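Morning, everyone. Please look at the model on the screen while I talk.

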Amino acid sequence: ETYSLFDPDTNQYLDSTWVTLTAGKTLEAYLNPNRASIKITNSSSQTITSATIWQHGGVNVLQMGILEGIAPGESRFFRVPYGSGFYYQVAVITQEGLSYLFGDTTTVLAKDQQFHVLLTDPVNK
């Protein structure tokens, strides 16, 4: 969840690839982390209608992506750049319209690091 594959033919990073396997031949793949990621796990009883990932850096705030329709029991991840010049926040909205904000100025991700957002049902007192 913290790497992308580099395709030298297109000179870009890819999230997936196809490999043709031949019987009797051994192939090896070395995967070195080159990204960080945000993972959202929905352990609540409500569907997450949207989870918006924000990158904050100085005066700049960038929307990195939106994950939608995360059902109870599901997890999804989103690859993000790593570095010390910015931090991440995730705004989660549930099917009932409840909103939650995860992350703050300490949510700075290094290479191969993941920010795990875990949504659970509120505890009634």
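Buried means under 20% relative accessible area, exposed means over 50%, and partly exposed is in between, with a 1.4 Å probe and protein chains only. This is a predicted model, where local features need pLDDT of at least 70 and side-chain atom pairs count only at pLDDT 80 or more, while totals for chains, interfaces and linings use all residues. Residues are numbered from 1 along each chain as its sequence is written, and side-chain values use heavy atoms, with hydrogens and water left out.

Start with Q46. Find Q46 in the loop between β3 and β4; helices (H or I, at least four residues) and strands (E, at least two) are DSSP runs, numbered from the N terminus. Q46 has a relative accessible area of 8%, so Q46 is buried.

What does Q46 touch, leaving out residues up to four places away in sequence? I70, P72, T94, Q95, E96, L98 and D121. Contact here means heavy atoms within 4.5 Å. Take P72: 26 residues from Q46 in sequence, yet the C-alpha atoms are 6.0 Å apart.

Now polar contacts. These are pairs of N or O atoms within 3.5 Å; within protein, one must be able to donate a hydrogen and the other to accept it, and residues adjacent in sequence count only if both atoms are side-chain atoms. The side chains of Q46 and T94 make one at 2.8 Å. A polar side-chain atom of Q46 also lies 3.4 Å from the backbone nitrogen of E96.

Next, H56, in strand β4, residues 48-57. H56 counts as buried because its relative accessibility is 15%. Its side chain makes a polar contact of 2.9 Å with the side chain of Q89.
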